[in-house]
Structure formats: C-alpha cells, structure tokens
Amino acid sequence: MVKWLSVSLLVLTSCTTYELESERQIYRPRVLAMRMDPPEARIGDQVRVTPLVALPIGFSGVIDSTWLDCEQSENTSDGDGETRDWCRDRSKEFILSTADELVYTVPDTLPKDQVEQFSFVAGFWKRLTLEIKDRIGGDQDRAFKRLVVQPAANPLDPQADARFEMMRNRNPNLPPLEVFTLDDQDALTPVAQDAALQANTDYLFRLDIDKAQRQDFQSFRIDFTGIDPSAVQDLTQEEIEQRIRVENRRELLRLRLYRTDGRYGRDQKPVRTFASTEEDPEYYPAEVTWALNTEGRTEAVPPKVRLWFIIIDGRGGMDWVVVERTFEKGVAAERNFEAGIKSPPDLRETPDGEQD
Amino acid sequence: MAFGANPPTETVSLPLLFLLLALSPDDQSEQRASAAPPKGGLIQLPELINGGTPDYPEALIGSGKNGKCILLVDIDDAGLVQEINVQKCDDPAFAEAAFAVMPHYTFIPGATATGTVPVRITWQADFQHPVEAKPEPEKPKPVRISGKVREGGTGVVLAAADVTCVGQDVYARADERGRFELRGVADGDCVLQASAPGYFARKKTIKLKPNEAVELTLYLSPKASNAMRTVVRGRKEETHMTRRILEAEELGRVPGTFGDPIRAIERLPGVARTPFLGGGGGLVVRGAEPQDSGYYLDGVPIPALFHLGGGPSVIHPDFVGQLDFLPGGFGAHYGRSIAGIVEVRSRASRGDRFSGKIDVDLLDSGFRLEGPVAGRKDLSFGLSGRRSYIDVLLPLVTSVAGGPDASIQPIYWDYQARLDYKKGTTRAGLRFYGFDDVLVLAASDDDAAARAGEPPGLGIHGGVHRMVLDGRMKLDKKTELKGSLMLGHQFTGGEFGEDIYWNAGINELGIRSDLTYKLSKEHHFITGIDIGFQDLGLETQLPTVAGFERVFPGGAFTEDLGVLKLDENDRGSGYGVHATVRSKLFDRLTLLPGVRLDAYVWDGQDRLSVEPRLQARLMLAPKDRHLLKISGGKYSKLPEPAELSDSFGNPELELKGTWQYGLGYEYRPDPFFHVDLTAFYKKMFNLVEQNPDFVSGGSAPGLINNGDGRAYGLEVMLRHRPSPRPVYGWIAYTLSRSERYDRGDRDPEWTLFSLDQTHILSSVVGYKWGKGWSLGTTVRWVTGNPTTPRLGARFDIDSRFYRPLRGDRRTDRLPDYFQMDLRLEKKSSAKRNSFIWFVDVLNLTNRQNIEFYIYQYDQRAYSGIAGVPFFPSFGIEWSW
C-alpha cells in the first residue's frame with residue numbers, strides 16, 4: 001500500500017487555536033499582591049495588609065475594596081481548610097473591612113491546638129480575602145493571601161519569644177529599579193529615570209537586591225530517606241522522632257513582572273524538579289527583559305506603559321516596585337510584535353520568549 | 001471379417017486334394033456327366049486369381065459363433081466355378097454366405113501335361129464372429145487456444161468459466177482448475193470471450209497463424225456486488241446475548257478508519273466515543289472504563305489493540321478476518337471482564353497459492369506474505385510485519401529553523417508469523433506475534449536542554465511477544481474439542497531524565513480448552529477451562545517524598561523530593577472453569593444457563609468468584625425472523641497489577657464486579673438485513689478508587705474498593721451486511737447513562753461518568769455501483785462529554801495562580817460532536833495484481849468538535865480544543 005498523506009498526523013496539534021489573555025498582562029483591575037506587615041504574626045498581633053491593585057492605562061473607574069474572611073472550614077487538617085474550593089459556600093463569608101488597606105488583629109478564636117501543632121512546620125495559615133469591584137465598569141477580582149500565625153507570646157518562656165523574633169519572616173525591601181537598554185552585543189546602557197521608553201528596543205530591568213534581604217531560617221522535617229513508602233506507615237512514634245531533622249535554609253527570592261503592554265523575556269530560571277540542593281541563588285540579582293515591538297501590530301502605540309515588579313520570598317513575604325513610563329515609537333527599526341523577546345544574558349541557556 | 005480370407009492353396013492341402021481327386025471322379029462324373037476327366041497327372045493346381053470373401057452371416061451376429069464350411073468346388077478348364085457342393089458346414093448360414101460369393105470366383109485352371117483340365121477341389125471357408133463393432137475414433141481437432149481463467153487481482157482460478165471464440169462456434173468450459181482448451185479454431189482472428197457468474201465478461205482478440213497454438217491466462221474482474229462471495233448465514237446457535245460480527249468485506253471499507261479494520265468497532269452501538277482519534281488504550285463500552293473490557297486475539301487475551309494507545313492496530317489488517325464485539329451480557333465462556341469483549345479472529349493463511357502485499361506510507365511500511373508449505377494444500381504459512389519511521393523523518397522537519405523545541409517521536413513495529421494446518425474438520429495453528437512501541441519526547445537540541453538543567457528526554461517503551469499453539473478437532477460426531485496454549489512476555493518501561501525510570505515485565509502462560517458435547521439434537525453441553533499464570537517483575541526509580549515537611553505555598557518545595565529505588569516481584573494465577581447447557585425447547589426457545597468459577601491468586605492473596613449467568617432466546621413466528629432474548633449474570637475482574645502493587649497500590653484489593661441484565665429483540669426480514677434492539681442495565685461494585693483518607697506516610701492505603709456505579713440504556717442497530725445488493729452498512733444508536741457514586745469531599749451523590757454520552761448515533765453506509773467503484777460515508781453524532789462548570793476563580797497570591805471555583809461535578813457538557821467521513825474507492829486488477837485507489841477524508845465538513853476546554857488564567861473565558869480537522873488521505877493499495 002502506498003499512501004500519500006496530505007497532512008501528517010503530527011500537525012493535528014495545529015488545530016489548537018485559542019486566544020486567551022496573558023496572565024501577566026493587565027486588561028482590567030486586578031489584585032496582584034498583598035503585603036502583610038509583618039508576614040508572620042502571633043495571636044493577638046496587629047497586621048497591616050496592603051494590596052497591590054493593578055489598573056490598566058487609561059482606567060477611569062472607581063475601585064471599591066472589600067476585605068473578607070470565611071468561617072472556619074470543617075476540614076482543617078492543613079490549617080484553615082486548605083481545600084480545593086476554599087469557602088466555596090459564600091454564605092459563610094463575612095466582611096472584615098471596606099478600606100483600601102486592612103488592619104487585622106489576629107484573633108484568639110483560631111484553633112489553638114492547630115496553631116501550636118503547626119508552629120514548628122511553617123506555621124498556621126490564616127487566609128484573608130480582598131474583593132475589588134469597579135463601581136462603574138462592574139469588573140471585579142478576588143484574591144487571598146495567607147498570614148502565617150504563631151502561638152501567642154508566652155511571658156513564661158522568654159527564650160521562645162526570643163527565638164520567634166529571631167526567626168520570624170520579614171518582607172524583603174527592594175532597592176530602586178535600574179533600567180537599561182540591551183543591544184545585540186548584550187551591552188547595557190542605562191536609561192534615565194524620566195526618559196520615555198521606546199518601541200522595538202530591548203530593555204533590561206534590574207533589582208540589585210541586597211543579599212541580606214534573603215533570610216536564613218530553620219525548617220523541621222521528618223526524614224524518610226531509605227524507607228519504602230509503603231513502610232512509612234509502620235514507623236513507630238519513637239522512630240519518627242528519631243527522624244526529625246532541623247535544617248538550615250535560605251529564602252529563594254523570585255521575580256514576576258506584570259505589564260500593561262509589550263512582551264517580556266525569561267524572568268526566572270526553571271526550578272529543577274529533583275535534587276535542587278544548590279545553595280547559591282538560582283537567579284540573582286533579579287532581572288527581566290521587556291520590549292514592545294510594532295511591526296504587524298494593529299493597536300496604536302500606547303502613550304504610557306505600566307510595569308509591576310513583584311518579589312516573593314517563598315514564606316509569605318513580598319515587596320514590589322511599580323513603574324509608569326511614557327512611551328513613544330522611537331527610531332529603532334520595526335520588529336515583529338509577536339517575536340520572542342531576548343532574555344537576560346544570565347538566563348540565556350534556556351530558550352527565549354515570553355513565559356507565562 | 002466373416003470369411004477366413006485364406007487363399008485356397010492354403011486351405012486345400014495337396015494330400016487332401018489328391019485324396020479327393022482319387023475318390024470323387026466317379027461321383028463327379030455321375031453328377032456332371034459332361035465333364036471330361038483329366039487324363040494323365042495334374043501339373044498345375046487351380047489358383048484363385050479373383051474372388052471376394054464371404055461375409056459373416058447377419059443372422060448369426062450376436063451369437064458369438066465361429067465355424068467353417070468345407071465345400072467341393074468344380075472348376076472348369078477355363079478357371080470358372082461350375083458347381084459347388086457342401087461337404088460339411090457348421091451352420092447352414094455359413095453355406096449360404098459362401099454360396100453368395102464363390103460362384104464368382106475365377107481361377108487359373110488346373111492343367112496336365114496336355115493342357116488345362118476341369119478340376120474339383122475342396123475349399124474350406126472359415127467364419128469368425130465379428131468383434132463388437134468399435135466406431136473408428138474421430139481424429140481430434142488440434143488445440144489452438146488453451147489456458148486458465150483466473151480472478152483478476154487475486155489469481156484465484158475460476159472453475160466453470162465459459163470461453164468462446166465468437167463467430168466460430170468454438171466453446172469450452174473451464175475445469176475445476178480453471179483450465180480450458182479450444183480446438184479447431186480457424187486460422188486468423190479469434191475474438192475470445194470469457195465469462196463467469198459474478199464477473200465482468202472479457203473479450204480478447206487472438207491472431208492465429210497456420211499451425212500455431214496459443215496458451216494464455218484470462219483474468220476476469222469481479223463485479224462489485226459479487227454474488228459469488230456472499231455468504232448467506234442463518235441464525236447461528238449463539239451462546240451470548242449480543243454478538244455483533246463484522247466481516248472482512250465490511251472492515252476494510254469503513255470511512256474514517258484509514259483501512260484499519262479494528263477501528264470499525266468504535267462505530268458500533270454501546271461504544272462511547274473517545275477523544276481525538278479514539279483508541280486511547282481501549283474502548284469505553286456501556287459506560288465502563290477501557291481496562292474493564294476484554295480484548296482477545298483468537299481466544300487469547302491481548303493487552304492492547306492499538307499501538308501507542310491510540311495508533312494503528314497491532315495486527316496487520318490483512319490478517320483480520322472477523323471482529324466479534326460483545327458489549328455485555330455474554331456467556332460463561334468469557335471471564336475476567338466486567339464490560340465488553342472484543343475478539344479479533346484472524347484469517348488463516350492461504351494455502352492455494354503464494355500471494356503478498358507491500359505497503360508504504362509516510363508513517364510506516366509493512367509487508368504480507370502467505371502461501372502453501374512444500375506444495376501441500378493442508379499446510380500454509382503467513383508472515384507480516386510493519387515498522388514506523390517517524391523517528392527518522394521527524395528530525396528532518398524539526399531541524400528546520402523555527403521548528404519546535406521538542407518533538408514527540410513514536411516508534412512502533414509489529415510482526416505476525418503463522419503456520420496453519422487444515423484437514424477435514426481439523427484445524428491447527430502455530431502463531432508468533434508481537435509488537436513494540438516507543439514514544440520519545442526529544443528536545444531539538446539535547447545539549448541545550450542539558451545546559452538548561454532540563455531532563456534530556458522522556459521515553460516510554462512497551463510491547464508484547466507471544467507464541468500461541470491452538471487447534472480444533474471433532475473427536476466424534478458429538479464432540480468437538482478446542483484448545484490453545486500461549487507463552488508470552490509483555491513489558492513496559494520508561495524514563496524521565498536520568499533519575500527516573502521504570503521497567504516492568506510480565507512472563508505469562510495461558511491454557512484454554514473448550515469442549516462441546518451434543519447430548520442430543522436439542523441439548524448441547526459446553527464446558528472449558530481457562531488458566532493463566534503471570535510473573536511480574538518491576539524495577540523502578542521514582543520520585544518520592546523523602547521526608548515530611550510542611551512548606552509554605554510558593555516555597556521551594558522541590559528540595560523535599562527524593563528518589564526511591566524499588567524492586568518488586570509478584571506472581572499471580574487465575575483458574576477459570578465454565579459450563580453452559582444450551583437447550584432448545586419446543587423448537588423455539590433456547591435456554592443457556594451457565595456458570596463460571598474464577599479463582600485468583602495474586603501475591604499470596606486468594607480471591608474467588610462464582611458467576612451465574614443465564615440467557616434465553618425465543619424465536620417468534622414466522623420462524624427465524626423475530627427473536628426475543630434476555631440475559632443476566634455476574635461478572636468480575638481482578639484489579640490491574642499496578643493497583644495491586646505493594647509499592648503503589650493496595651495488594652488487598654478485592655475483585656471488582658458487575659451485575660448485568662439485558663433484554664433484546666432482533667428482526668431479520670432477510671438473510672442480509674436485520675434490526676437489533678437491546679436494553680441493558682449494569683450495576684457496578686467494588687470499583688477501585690483513590691482513598692480519600694490517604695495521607696502520604698500514613699497507614700491508610702492509597703486505593704480502596706469503594707466505588708459504585710451504574711449504567712443503563714438502549715442500543716439500536718439496523719444493519720445490511722454485504723450482499724449481492726450494492727448497499728451495505730449499518731446505523732447504530734445508543735441512548736445511555738453511566739454514573740458513579742461520588743464520595744468526594746462534598747456531599748456524596750451520583751455523578752456522571754467522565755465519558756457518559758447520552759446519545760451516540762453512528763451510520764456507516766457504503767454503495768457499490770459496479771466496475772469497482774464504491775463510496776462509503778460515516779456519520780457520527782454524539783452528545784458532548786460531561787464537564788464540571790467553573791463558577792469563577794480566586795487569585796492565590798502565595799501560589800501565584802487562580803484557584804478555580806468549581807460547580808457541581810460533571811453537571812455541564814461539551815458541545816455535541818458531529819463528524820462526517822468519506823471514502824471513495826476504485827478497485828481494478830491486471831492479471832494477478834490488484835489495485836485500489838482511494839480517497840479517505842476525515843471530518844468532511846471540517847467541523848470544530850471541542851474535545852476539552854482550556855481556561856483563561858482567571859477562569860473568565862475559555863477556549864475549546866478542537867479534535868481532528870478536515871483531513872484527506874489519498875492512496876493506492878497494491879497486492880498480488
């Protein structure tokens with residue numbers, strides 16, 4: 001049999017055509033982050049919660065904020081009901097505040113036994129929700145963030161208080177953002193703080209984070225090395241206690257870029273699935289590239305662009321930098337608006353292109 | 001000859017003559033006074049110079065009598081006969097015959113020294129009865145044109161074909177070997193015409209030179225609706241509630257299957273549609289999981305029907321002779337399945353001649369060879385094989401600038417080798433078959449991937465190798481015995497990067513034997529054994545939680561993973577015994593009570609299942625047209641080896657099972673057309689589910705027998721089998737509902753099965769309008785698969801993704817599926833070569849059938865991923 005297939009079976013995947021919005025581009029009001037000061041608190045402490053609400057260029061609506069909490073779920077095995085559909089039943093929600101920022105006092109109604117139990121292992125997580133709504137356009141968004149809760153201060157155990165103060169998580173504080181153009185030879189040229197960004201030009205944004213912003217902390221784990229998973233269930237309490245390890249860790253800071261327009265390059269080395277035991281930071285300092293190309297673009301060049309740089313520390317701490325710059329077409333040769341964006345030189349081992 | 005034809009000199013001896021002369025002169029003188037006696041001695045005896053021989057008397061013909069006459073003949077001196085007297089004659093008729101001719105004799109007269117003299121001589125005439133008169137054979141005319149008549153394309157000899165030299169009234173009929181001879185054809189042009197029932201007549205002009213003989217082979221093309229090929233069957237004495245049989249002629253022509261016969265099953269009632277090209281490792285039959293159905297090749301279970309889960313079938317299409325599909329309610333013969341049965345019945349290799357086929361396409365190449373062994377008609381062989389080469393071609397494409405960063409490279413091959421013995425009712429066969437699948441996800445630049453710290457590639461590997469020895473024979477008029485022995489090895493393996501791999505192999509032995517004993521004309525007893533042994537070896541290195549640590553969402557969780565190396569060996573065996581009595585009562589009612597006992601031993605755990613089954617079939621008047629049928633029974637199955645694994649499953653899992661009930665009606669107005677309606681209900685229990693109480697490192701097993709399910713529905717099939725009529729095909733409709741009892745994290749409730757499809761309508765219609773042309777079309781309209789609605793989402797700032805807010809489970813559906821496929825085919829033949837040109841088009845209307853949704857990050861919008869687009873395939877098949 002001789003068969004001439006006009007189309008290979010392999011092109012079947014070409015029927016995958018969908019046009020969904022990029023998660024990293026801001027089309028409507030969204031909550032991108034919440035900074036809790038402090039991110040780790042004790043029962044009875046007061047915490048200021050500041051949201052990062054992103055608005056698209058030209059947004060003219062009015063944002064109403066509503067801070068929500070949810071009644072304790074029955075399934076609290078992992079702290080405050082880490083279920084798939086947390087507080088799916090909205091009748092169990094109640095309003096904490098309608099202010100732009102929330103000042104939250106950690107209540108003593110939290111299940112103390114669980115707070116105590118989880119105090120050695122990443123703490124008890126109290127989730128707080130912010131719902132924003134455009135009073136005019138009707139768009140709304142909901143986001144929640146965990147506050148790490150530790151047991152209340154114990155005057156009878158000053159050592160515990162001291163240890164808590166030493167180990168508690170803090171938010172990173174970011175330095176000013178540096179902006180460079182990146183040419184074909186990877187040469188960096190600083191861009192003035194008030195200069196307009198131009199089309200068809202690669203920009204590199206850098207946050208030269210002080211290493212001191214990366215906290216060391218201790219982690220408790222039960223070591224199952226060398227044990228068949230089916231035999232774990234047979235371990236006695238004594239054997240489990242013998243396998244408890246206290247490990248010194250260092251925070252891994254991660255950068256994410258959101259924008260109102262343009263495309264961005266790689267902002268993070270991919271995390272290895274296994275054996276990721278390197279102590280050196282996988283990406284440091286935090287850098288990301290961005291460009292807005294115009295060839296083939298149907299929309300007009302925006303008068304301004306807004307960029308949000310968010311750093312998280314993996315334990316609930318975070319900080320951000322927001323940049324709004326005027327934008328102009330400039331004189332650079334046009335490049336295809338869908339072309340991949342060159343990544344920062346330190347991340348070149350991986351393919352270029354937008355990574356959502 | 002009547003007369004002895006002896007010359008007188010031989011019959012009249014001289015001593016006797018002299019004696020006569022001495023004794024008779026006086027008498028002669030007395031009688032012939034006028035005759036002068038010779039004076040002196042004779043110096044010359046009379047010598048016959050002219051005279052005919054007397055004929056054998058007609059009156060004595062048939063008497064068988066031989067005899068003689070002794071006559072006294074007086075010859076005058078001129079040599080003329082003057083008088084004849086009978087001295088002695090065996091029969092008066094002999095004398096009459098002699099007298100009829102002898103007076104006309106002329107002699108050289110006798111003479112003495114003085115001259116010629118009258119002489120009396122004694123003459124003896126002998127008479128012999130004539131032998132049975134044999135007609136003189138007509139001299140045969142010379143053979144001018146001879147040869148054989150064969151079917152074009154296949155070379156099959158056509159007995160009783162008529163061959164005529166038009167206009168010369170010369171005709172011959174081919175013998176049983178297809179050979180013919182035309183004699184007496186005149187020199188010059190002969191318009192030779194050959195014809196046979198079911199074939200197009202063919203004319204050929206032959207120029208014959210003087211004294212020339214021509215030998216040739218005439219090939220006749222079969223008509224599309226070939227009456228010679230139609231097999232008319234009455235109702236088979238069926239032992240299963242519903243058996244849907246697809247025959248070879250239908251199988252290769254179903255549009256949308258690319259000539260892959262096994263895929264035709266997906267168009268039958270009771271089979272749900274699986275996404276994209278289907279297959280997916282099995283069939284979804286009456287709302288059950290694919291692995292719950294049983295797949296057999298000639299009675300021996302096979303682990304997969306298709307390469308790579310949903311690719312080409314693992315059996316060469318040319319060796320698929322028939323497909324039996326039993327959607328449920330089957331008899332005790334089949335076990336270890338709780339859904340449907342698919343039995344591929346391979347075609348025995350042909351022993352009448354050597355034939356073959358080579359096929360080449362963009363994806364793979366294959367061959368088929370078959371023929372007699374050592375010229376024996378009772379022993380034949382068959383060989384076939386196939387190998388893909390996408391892995392070779394794809395890098396040529398992906399190396400082009402702009403190609404994808406990674407590609408999927410499927411590699412598959414299969415083989416079948418067989419010996420078939422056939423003598424009388426005895427059949428035996430030895431078969432070797434197997435297949436091998438490799439699926440590699442390869443980066444376009446392995447070095448770059450390695451520098452980036454990405455895995456060098458993902459590969460999975462699996463396959464089967466089998467040897468099967470089977471046979472069937474009649475022990476006596478009442479007893480038939482069938483049996484098979486299978487030895488095999490199946491394996492699966494894979495790797496992900498350098499750290500993760502797994503290799504599992506199963507050595508297997510299967511023994512099956514069935515015996516049918518006719519207790520009487522109405523009562524048959526069918527029993528058999530079904531034994532299987534499996535030896536599983538597993539070697540794996542997998543990621544595992546190397547410790548327990550509670551990590552904040554978004555934290556560096558990866559450091560908690562470790563690698564675990566495991567070796568596991570399990571042994572299992574299954575022992576099945578079944579018995580069924582087929583009783584025909586009142587000439588209309590057939591009862592089939594049966595029972596099956598299956599015992600399983602897996603890794604030291606015993607399980608036993610007793611499965612009663614009952615079927616009843618009632619013929620309604622007029623006989624053989626209307627049939628009512630009911631069935632009920634219990635079915636069970638051992639969970640999959642992976643589910644019973646010590647390391648990954650739960651070795652204490654129980655058998656999962658179903659109770660199945662069916663009620664059906666068949667109407668068969670003629671041998672080729674029938675209507676089949678079947679209602680079914682299936683209750684599923686002990687299904688294997690994830691244990692909601694399972695916690696990594698905890699004491700609860702990961703899997704438990706906590707699943708319940710139910711499926712019910714109605715199947716309708718209108719079918720016209722291939723016949724002398726030009727139309728064939730079927731229309732199948734299934735109305736069904738399949739549910740599972742969801743004991744998830746919400747309130748327990750019945751929810752839809754993930755591939756529940758309320759309406760499944762399939763039509764396969766082919767039309768053969770002659771001269772080798774045929775057109776086929778398949779239409780499928782199916783309710784969309786259930787989905788769970790998304791009510792919105794909340795952004796989890798720590799994890800940095802939106803968590804969807806789901807509605808009630810599987811309460812929404814994808815859009816309905818509709819697809820029309822088309823196949824246009826032209827068959828022609830030249831001598832022993834057969835060619836089929838075809839166009840096979842998938843999704844003729846290019847409908848965008850949504851297979852699943854991709855949701856926007858915030859669940860506000862979604863986009864459907866469509867299935868197969870408009871997909872034409874053009875081709876030609878060549879076989880000889």
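What you see is a predicted model, in which local features need pLDDT of at least 70 and side-chain atom pairs count only at pLDDT 80 or more, while totals for chains, interfaces and linings use all residues. Residues are numbered from 1 along each chain as its sequence is written, with chains lettered from A and ligands numbered from 1 in the order in which they are written.

On confidence, the predictor gives the complex an ipTM of 0.90 and a pTM of 0.75. The score for each residue is pLDDT, the predictor's confidence on a scale from 0 to 100. Chain A averages 82, with 82% of its residues at 70 or above. Chain B also averages 82, and there 85% of the residues score at least 70.

I count two residues as in contact if their C-beta atoms, placed from the backbone, lie within 7 Å. In chain A, pLDDT stays under 50 over residues 76-81, a stretch with 13 contacts beyond four places in sequence. Residues 271-278 of chain A are also under 50, and the model has 13 such contacts for them. In chain B, residues 1-39 stay under 50, with 51 contacts beyond four places in sequence. Residues 225-234 of chain B are under 50 as well, with 16 contacts of that kind. Where pLDDT is low, the predicted coordinates should not be read in detail.

A residue is buried if 20 or more other C-beta atoms lie within 10 Å of its own, exposed if 12 or fewer, and partly exposed in between, with C-beta atoms placed from the backbone. Buried residues are 31% of the 356 in chain A and 36% of the 880 in chain B. Taking contacts with a separation of 6 or more, residues 24 or more positions apart supply 75% of them in chain A and 63% in chain B.

Let me turn to a sheet that involves both chains. Two strands pair if DSSP finds at least two bridges between them. Which strands make up the open sheet of three that draws on both chains? The order is β15(A)-β14(A)-β32(B), with antiparallel pairing. β15 (244-250) of chain A and β32 (547-548) of chain B are the edges, each with a single partner strand, so one side of each has no neighbour in the sheet. Strand β14 (residues 216-223) of chain A is joined to β15(A) by seven bridges. Among the partners, A:Asp216 is bridged to A:Arg250, and A:Ser219 to A:Glu247. Toward chain B, β14(A) pairs with β32(B) over two bridges, again antiparallel. There A:Ile222 has B:Phe548 as its bridge partner.

Another open sheet of three strands lies within chain A, in the order β2-β4-β7 with antiparallel pairing. Its edge strands are β2 (30-37) and β7 (102-105), each pairing on one side only. Ignoring direction, neighbouring strands here are turned by 25 degrees against each other on average; the axes are lines fitted to C-alpha atoms, and angles run from 0 to 180 degrees between N-to-C directions. β2(A) meets strand β4 (residues 46-54) of chain A over seven bridges, and A:Arg35 stands opposite A:Thr50 in β4(A).

On to the interior. A nonpolar core is a set of buried Ala, Val, Leu, Ile, Met, Phe, Trp, Tyr and Cys residues joined through C-beta atoms within 7 Å. The largest has 62 residues, and those touching the most other members are A:Tyr203, A:Trp290, A:Trp308, A:Phe309, A:Ile310 and A:Ile311. Strand β19 (residues 304-312) of chain A gives the largest share of this core, seven residues. Apart from it lies another core, of 51 residues, including B:Phe319 and B:Leu439.

Last, one helix in chain B. In α4 (residues 92-101), B:Phe94, B:Ala97 and B:Ala98 are buried. Seen down the axis of α4(B), its buried residues fall within an arc of 100 degrees, so they line one face of the helix; the arc is that of the directions from the helix axis to the C-beta atoms. Their cover includes β3 (67-75), β4 (81-89) and β8 (119-127) of chain B.

Methods:
Helix = DSSP H or I, 4+ residues; strand = E, 2+ residues; numbered from the N terminus.
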